[in-house]
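Notebook open, structure loaded. I'm jotting down what I looked up, in the order I got to it.

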Amino acid sequence: MSRTSLKSPKYKIVSLAKAVEIAKKARKKGFRIVTTNGAFDLLHASHVQSLADAKSHGDLLLVGINSDASVRRNKGSMRPIISARERAFMVAGLASVDCVFVFGSKTPIPWILKIRPHVHANGSDRAIDEIVEKYAVEKHGGRVVLLPHTGLHSTTMIIKRILRTQRKRKPESK
């Protein structure tokens, strides 16, 4: 990455085609490519820690952000809270993240087959056999790693806490 890319997170947000090109060039230079993905709807401490943990498995961390339509399909009509463009910008702002792209497929399988990461990181809230993209990662010699999952934070839990707080508030008197 150039010095220019350090000035603003927007320089880390690329198209999928550009992410594939970045991975290809990095592979030729001998860099270890790590990928991960998610909605990252309300960025919280567990997201930040997971991304740092993912980066520790390689040299270059590419993060796939679910498109708004993909989040709605996977999490329901009330999500996302934050648009894909803004979510990508926030994730790109993290030091551990080298590149961010938005994808619209139901699973990350299509882009994993193109990027061919050495490591694909997933949260350990699912068993390794439940990770649908596992075969796509292993097809090109990569491996899936499970990242520690504290269970302390989740976007769903944050939304529920906000709603509980709103219900407990009494209407303002006029």
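How many aromatic pairs does a search of the whole structure find? I get 2. For the cut-offs, rings of Phe, Tyr and Trp (its six-membered ring) pair if their centres lie within 6.5 Å, with planes under 30 degrees apart counted as stacked, over 60 as edge-to-face and the rest as tilted.

Before going on, a note on what I'm looking at. This is a predicted model, where local features need pLDDT of at least 70, side-chain atom pairs count only at pLDDT 80 or more, and totals for chains, interfaces and linings use all residues. Residues are numbered from 1 along each chain as its sequence is written, and side-chain values use heavy atoms, with hydrogens and water left out.

**Aromatic pair**

A pair of aromatic rings is described by the distance of the centres and the angle of the planes. I took Phe101 and Trp111: their ring centres are 4.9 Å apart and the planes sit at 80°, so I log the pair as edge-to-face. Phe101 belongs to strand S3 and Trp111 to helix H5, so the pair ties together parts 10 residues apart in sequence. (Helices, H or I of at least four residues, and strands, E of at least two, are DSSP runs numbered from the N terminus.) Both Phe101 and Trp111 are buried, where buried means under 20% relative accessible area, exposed over 50% and partly exposed in between, using a 1.4 Å probe and protein chains only.

I then listed what Phe101 touches, contact meaning heavy atoms within 4.5 Å. Leaving aside neighbours within four places in sequence, the contacts of Phe101 include Val14, Leu16, Ala19, Leu62, Ile65, Trp111 and Ile115.

**Cores**

Next I checked the nonpolar cores, each a set of buried Ala, Val, Leu, Ile, Met, Phe, Trp, Tyr and Cys residues joined through side-chain atoms within 4.5 Å. The largest has 19 residues, and among those with the most contacts inside it are Ala19, Ile33, Leu62, Phe101 and Trp111. Helix H1 (16–28), strand S2 (60–66), strand S3 (99–103), helix H5 (109–115) and helix H6 (134–139) each give two or more residues to this core. Apart from it I find another core, of 17 residues, among them Val63, Val91, Ala121 and Val145.

Ile33 got a closer look. It is found in strand S1 and is buried at 0% relative accessible area. Not counting residues up to four places away in sequence, Ile33 touches Ala23, Leu60, Leu62, Ile115 and Pro117, among others. Ile33 and Pro117 are 84 residues apart in sequence, yet 5.1 Å apart in space, C-alpha to C-alpha.

**Sheet**

I traced an open sheet of 5 strands in the order S3-S2-S1-S4-S5, with parallel pairing; two strands pair if DSSP finds at least two bridges between them. S3 and strand S5 (143–147) are the edge strands, each pairing on one side only. S1 and S2 pair in the parallel sense over 6 bridges, and Asn37 stands opposite Gly64 in S2. S1 and S4 also run parallel, joined by 2 bridges, and there Thr35 stands opposite His120 in S4.

Is S2 mostly covered or exposed? Mostly covered: 7 of its 7 residues are buried. Leu60, Leu62, Gly64 and Asn66 point one way from S2, while Leu61, Val63 and Ile65 point the other way.

**Loops**

Ser67 is placed in the loop between S2 and helix H3 (68–75) and counts as buried at 15% relative accessibility. A polar atom of the Ser67 side chain lies 3.1 Å from the backbone nitrogen of Ser70. Beyond four places in sequence, Ser67 touches Ala84, Arg87, Val102, Phe103 and Gly104.

I also noted two residues other than glycine with positive phi. For Phe40 phi is near 50°; Phe40 is in the loop between strand S1 (33–38) and helix H2 (45–55), and is buried at 8% relative accessible area. For Arg116 phi is near 55°; Arg116 lies in the loop between H5 and strand S4 (119–123), and counts as partly exposed at 36%.

Definitions and conventions. A polar contact is a pair of N or O atoms within 3.5 Å; within protein, one must be able to donate a hydrogen and the other to accept it, and residues adjacent in sequence count only if both atoms are side-chain atoms.
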